[in-house]
Number of protein chains: 2
Amino acid sequence: MQIDGTAYRSIWVDPADGWSVLIIDQTLLPWRLEIARLQDYEQAFVAIRSMQVRGAPLIGATAAYGLALAVRQDPATDAMERAASHLATARPTAVNLRWALERMLTRLRNTEPAARVQAAYEEAAAIAEEDVACNQAIGTYGLALITEAAGSGKRVNLLTHCNAGWLATVDWGTALAPIYRAFNEGIDLHVWVDETRPRNQGASLTAWELGRHGVPHTVVADNAGGHLMQHGEVDLAIVGADRVSRKGDVANKIGTYLKALAARDNGVPFWVAVPSSTIDWSIADGLAEIPIEERSGSEVATIIGRSEAGEIVRVSVVPDGSPAANPAFDVTPARLVSGLITERGLSPASEEGLKGLFPELA
Amino acid sequence: MQIDGTAYRSIWVDPADGWSVLIIDQTLLPWRLEIARLQDYEQAFVAIRSMQVRGAPLIGATAAYGLALAVRQDPATDAMERAASHLATARPTAVNLRWALERMLTRLRNTEPAARVQAAYEEAAAIAEEDVACNQAIGTYGLALITEAAGSGKRVNLLTHCNAGWLATVDWGTALAPIYRAFNEGIDLHVWVDETRPRNQGASLTAWELGRHGVPHTVVADNAGGHLMQHGEVDLAIVGADRVSRKGDVANKIGTYLKALAARDNGVPFWVAVPSSTIDWSIADGLAEIPIEERSGSEVATIIGRSEAGEIVRVSVVPDGSPAANPAFDVTPARLVSGLITERGLSPASEEGLKGLFPELA
């Protein structure tokens, strides 16, 4: 997508040297756009660990390029395996991280050391391109929902929660892919962006990327969405997901469930955009079976922002001695989900629907 | 209620001199407990205007004492009327502010100037005492709900939104009155405190007052309540209200409606604690008829907190150029409200219920 008129991806190989890997340092957003250069696998490890890159697909692509950097440093099998094991520990729960490394290793183990550098860059590029293609397909299928909501030219108001945009993937995003696609086609639209406490991914990342691409949007407190829906200010809600059960229950950023309840209460369609890799076929009942990460209460008790002096500072917002709890995700039951937007089309949030689209995975 | 073992109210006359008025400067909470002294009506005006005092009942009591200070400065009718007119403009929409001033003027106009100082302090004290008695009654009736939830000794988990505690009233609070009452009686309980973005009254005021009184509590992001209810972590939700329609629709801090939806979806009782003065008998359909204040987007775009250096600073949390919207309240339809806790007892959220308890007001 674009940043003030220039096309960007969230990760790319520097065309100037053909091998070093460039990323957007997302820890500095929305305050500063800085491109970081990764020149060895340890730098890729740090980028993932420190959340300079985040979002499952982007973490996977960064790990893949990290392994390409590793074999450039030393193409021997031992060194390559050690680098992959190290990269795999950069984040504890990122499924895509291990998936991307396994895919890289499968190809590289079957490649002579002398040919590994080229093969590694090829495979990492393929992982990145497949992510882009997958998200483009989600954008195309989701576009139909926005077109339908637009009807005969009325402005479409969308609502999204957290960040499921191009910054979380290699390009396009999942929940935001249909929105970018519709905006690029000239559909008149506006996005309500949930702040998404406690980590504020909506206010800091979604608002930033929509704004830089030129998409009209407004940031609201997470508390506001129900009121907006009651007053007809939301035509369509689209969110991403961290994991979807085979019956269509959706684990996503904490607070998603509350928006789904409000959407149901007000007749607002509530769609979830996911690549099929997000569907966990081993799980039926999302509420009972998907474990919810309990993160540090300090993420609730403190907020990072920019002071009036222009410094990025962390401030405390709860009294000394008051504990804070921080469940990071919640599960929206399939009954509240209008449907799933996948790379193969729209599906009801049900086992039959998902099996129909992905018979070979089910 | 208590602050670390010492009983406080939110406003009182200094016993040392018998006339100056002391308040807790709430703009410094939760970081610093500072008592401010009001010695003339202009200081009372500033205290209300700058939100050193907030919460409808406390604003009313402060205005009443402000008028007492005014007649102490000059008991002449002209001066008194001018002071009252000035005090009435301290906050634009506070009904209790004008109500308290009218009540004071009614008494003082019928009092000789020479006797006005004593009469004014008496009337202001009566207004304060009546608020305390009303909240105590709410506490007593609400206690039954908590006792019932406690059953045979299990810990009761409550959830509340915003601040409807003693800091918003003269003492006890509305939503928190039953909680303080139950805690003081030795019932094992714990309160989930919604942060309450954008102004963070939950994190900064409710958590502070519960903590200082010794009530076990945990601050959570506003997004977390649905997840907690899904997992059986909430036995009872109690909130306050800014206005209640005669049919029981509840206008309260933005986000209340989302919690009411989650409570309904999970079978959690959802109660609203209100003095009868909060019921607007002229309004039937709260959603259609109660106007919702749209406050400045800067309250969403910035947050006040304490830096690691110990300074209280305002930080920006949205990108430059991203607009923010800030509806301050929402309306929870009566169908989602288990009932109202009033100073005359529990009532269904319905016109029949409210008329039955308050026939002379209906």
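**Close-up 1. B:S20 and its side-chain partner B:R37 in a predicted model.** The side chains of B:S20 and B:R37 meet in a polar contact of 2.6 Å. This view, like the ones below, comes from a predicted model. B:S20 has another side-chain partner too, with a polar contact of 2.5 Å to B:D17. To find the serine, look in the loop of chain B that runs between β3 (11-13) and β4 (21-24). B:S20 counts as buried because its relative accessible area is 0%, and the cut-off for buried is under 20%. If you skip the neighbours within four places in sequence, the residues in contact with B:S20 are B:W12, B:V13, B:D14, B:R37, B:L38 and B:Q39. For a sense of scale, go 217 residues along the chain to B:A237: its C-alpha atom is 39 Å from that of B:S20.

**Close-up 2. A:S10, a buried serine in a loop of chain A.** Here the loop sits between β2 (6-7) and β3 (11-13) of chain A, and A:S10 is part of it. With a relative accessible area of 0%, A:S10 is buried. A polar atom of its side chain lies 2.5 Å from the backbone oxygen of A:T169. Leaving out residues up to four places away in sequence, A:S10 touches A:L22, A:I23, A:I24 and A:L58, and also A:W166, A:L167, A:T169 and A:V170.

Close-up 3. Where the two domains meet, 24 residues of domain 1 are in contact with 18 residues of domain 2.

**Close-up 4. The largest nonpolar core.** This core has 77 residues, and the ones touching the most other members are A:L67, A:I146, A:L158, A:I179 and A:L189. Helix α5 (residues 116-150) of chain A gives the largest share, 13 residues. Domain 1 (2-130) and domain 2 (141-357) of chain A both contribute residues, so the core lies between them. Another core, of 76 residues, lies apart from this one, and includes B:A44, B:Y121, B:V170 and B:W208.

**Close-up 5. A:L189 and A:P216 side by side.** Once residues up to four places away in sequence are set aside, A:L189 touches A:I146, A:R155, A:V156, A:L158, A:I179, A:A182, A:F183, A:V215 and A:P216. Is A:P216 buried, exposed or partly exposed? Its relative accessibility is 27%, so A:P216 counts as partly exposed. Beyond its neighbours within four places in sequence, A:P216 is in contact with A:R155, A:F183, A:L189, A:H190 and A:V191. The C-alpha atoms of A:P216 and A:H190 are separated by 4.9 Å, although the two residues are 26 apart along the chain.

**Close-up 6. A:R197 and its neighbours in both chains.** You'll find A:R197 in the loop between β7 (189-194) and α7 of chain A. A:R197 is buried, at 1% relative accessible area. Which residues does A:R197 touch, not counting residues up to four places away in sequence? From chain A they are A:D222, A:I254, A:E299, A:V300, A:T302, A:I303 and A:V317, and from chain B they are B:E195, B:R197, B:A221 and B:N223.

**Close-up 7. A seven-stranded open sheet in chain B.** Follow the strands across and you get the order β8-β7-β6-β9-β12-β17-β18, with mixed pairing. The edges are β8 (217-220) and β18 (345-347), each of which pairs on one side only. From one strand to the next, the twist averages 25 degrees. Strands β12 (residues 270-273) and β17 (residues 339-342) of chain B run parallel and are joined by three bridges. Along this pair, B:V272 stands opposite B:L340 in β17(B).

**Close-up 8. Two helices on the chain B sheet.** Helix α6 (residues 177-184) of chain B packs on the sheet and touches β6 (156-160), β7 (189-194), β9 (236-239) and β17 of chain B. Its direction makes about 155 degrees with that of β7(B). Helix α9 (residues 256-266) of chain B lies across β6, β7, β9 and β12 of chain B. Helix α9 runs at about 140 degrees to β12(B).

Technical notes. Residues are numbered from 1 along each chain as its sequence is written. Chains are lettered from A and ligands numbered from 1 in the order in which they are written. This is a predicted model: local features need pLDDT of at least 70, side-chain atom pairs count only at pLDDT 80 or more; totals for chains, interfaces and linings use all residues. Side-chain values use heavy atoms; hydrogens and water are left out. Helices (H or I, at least four residues) and strands (E, at least two) are DSSP runs, numbered from the N terminus. Buried means under 20% relative accessible area, exposed over 50%, partly exposed in between (1.4 Å probe, protein chains only). Contact means heavy atoms within 4.5 Å. A polar contact is a pair of N or O atoms within 3.5 Å; within protein, one must be able to donate a hydrogen and the other to accept it, and residues adjacent in sequence count only if both atoms are side-chain atoms. A nonpolar core is a set of buried Ala, Val, Leu, Ile, Met, Phe, Trp, Tyr and Cys residues joined through side-chain atoms within 4.5 Å. Domain bounds come from an automatic or database domain assignment. Two strands pair if DSSP finds at least two bridges between them. Axes are lines fitted to C-alpha atoms, for helices over the stretch in contact, and angles run from 0 to 180 degrees between N-to-C directions.
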